[in-house]
Amino acid sequence: MIQIEADAGEEWDSRIGWAELARAAAESAFRHSDYASLVSSGPVVEISVKFTTDEEVRSLNASYRNKDKATNVLSFPMVEPELLDSLASAGAGEILLGDIVLAQGVCAAEAGDKAVPVETHASHLVIHGTLHLLGYDHEEGEDEAEAMEQVERDALAAIGISDPYAVTEVQT
């Protein structure tokens, strides 16, 4: 069972159900990952998702990654990926998988650049962050990046969101 704890700061549009968005996106990421069995396995798998300011994300990025700038999403895994298979077979208990933090201004700017609603881009970022918690990586090589992007595409499609990596041709 997947449990998502979500918190949205006041800079995030209060008309959007951010907790529901986080739950749907993270669960879809699980279902399309190599760890789909965790959705229905015995232990409760918990993720915390925080929708916050660019400044908070910048500070976290500086502290934990030595990059003094805001970024769209950060993931902080609490479980080593190689332990996930054995945890999935555990009969009960709780797994604190990790935390995901999204920066509102960066997310909104990227959504604008992509001409998609902020909630659509935020769903993509939650899926992306969840996959990082599950050990997926896009910085270790092209094959890993392509595999992660395919899981993202599948997870997004399952919640009704188009491929964010699709290249559209301009008609002249």
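Modeller: One cut-off before we start: a residue is buried when its relative accessible area is under 20%, and exposed when that area is over 50%. Keep in mind that this is a predicted model.

Colleague: Is Ala111 buried or exposed?
Modeller: Ala111 lies in helix α4. Its relative accessible area is 0%. The limit for burial is under 20%. So Ala111 is buried.

Colleague: Which residues does Ala111 touch, not counting residues up to four places away in sequence?
Modeller: Start with a distance in space. Ala111 and Ala122 are 11 residues apart in sequence, and their C-alpha atoms are 8.4 Å apart. With residues up to four places away left out, Ala111 touches Val116, Pro117, Val118 and His121.

Colleague: Let's step back. What pattern does the protein follow along the sequence?
Modeller: The protein has six helices and four strands. Read along the sequence, they give β-α-β-α-β-α-β-α-α-α.

Colleague: Why is the protein said to be as compact as a globular protein of that length?
Modeller: The C-alpha trace spans about 55 × 35 × 35 Å along its principal axes. For 172 residues the globule rule gives 16 Å. The protein is close to that value, so it is as compact as a globular protein of that length, with a radius of gyration of 16 Å.

Colleague: What percentage of the contacts with a separation of 6 or more is between residues 24 or more positions apart?
Modeller: Burial first: buried residues make up 37% of the 172 residues. Now the contacts with a separation of 6 or more. Residues 24 or more positions apart account for 71% of them.

Colleague: How far apart are the mean positions of the positive and negative charges?
Modeller: The protein exposes about 9,100 Å², and carbon and sulfur atoms supply 46% of that area. As for charges, there are 10 positive and 33 negative ones. Their mean positions are apart by 5 Å.

Colleague: Which element gives the most to the largest nonpolar core?
Modeller: The largest nonpolar core has 38 residues, and Phe30, Val49, Phe51, Leu97, Leu102 and Leu134 touch the most other members. At least two residues each come from β1 (2-8), α1 (18-31), β2 (44-52), β4 (94-103), α5 and α6 (142-158). The top contributor gives seven residues, and that element is α1.

Colleague: Which residues is Leu102 in contact with, leaving aside neighbours within four places in sequence?
Modeller: Leu102 is among the core residues that touch the most other members. Leaving aside neighbours within four places, its contacts are Trp12, Val49, Lys50, Phe51, Thr52, Val57, Asn72, Val73, Ala122, Leu125 and Val126.

Colleague: Is Thr52 buried or exposed?
Modeller: Thr52 is in strand β2. Not counting residues up to four places away, it touches Glu11, Trp12, Val57, Val101, Leu102, Ala103 and Gln104. Its C-alpha is 6.3 Å from that of Ala8, which is 44 residues away in sequence. With a relative accessible area of 5%, Thr52 is buried.

Colleague: What is the phi of Asn66?
Modeller: Most residues other than glycine have a negative phi. Asn66 lies in the loop between α2 and β3, and it is exposed, with a relative accessible area of 71%. Although Asn66 is not a glycine, its phi is positive, at about 55°.

Colleague: And Ala115: what is its phi?
Modeller: Ala115 is in the loop between α4 (104-114) and α5 (118-133). It is exposed, at 68% relative accessible area. This residue other than glycine has a positive phi, near 60°.

Colleague: Last one. Is Ser162 buried or exposed?
Modeller: Ser162 is found in the segment after α6. Its C-alpha is separated by 15 Å from that of Ala29, 133 residues apart along the chain. At 62% relative accessibility, Ser162 counts as exposed.

Note on methods
Residues numbered from 1 in each chain as written. Predicted model: local features only at pLDDT ≥ 70, side-chain atom pairs only at ≥ 80, totals over all residues. Heavy atoms only, no water. Rg over C-alpha atoms; globule rule 2.2 N^0.38 Å. Buried < 20%, exposed > 50% of the residue type's maximum accessible area, 1.4 Å probe, protein only. Contact = heavy atoms within 4.5 Å. Areas by Shrake-Rupley, 256 points an atom, 1.4 Å probe, with all protein chains shown as cover. Lys, Arg positive; Asp, Glu negative; His and termini not counted. Charge placed at Lys NZ, Arg CZ, Asp CG, Glu CD. Core = buried A, V, L, I, M, F, W, Y, C linked by side-chain atoms within 4.5 Å.
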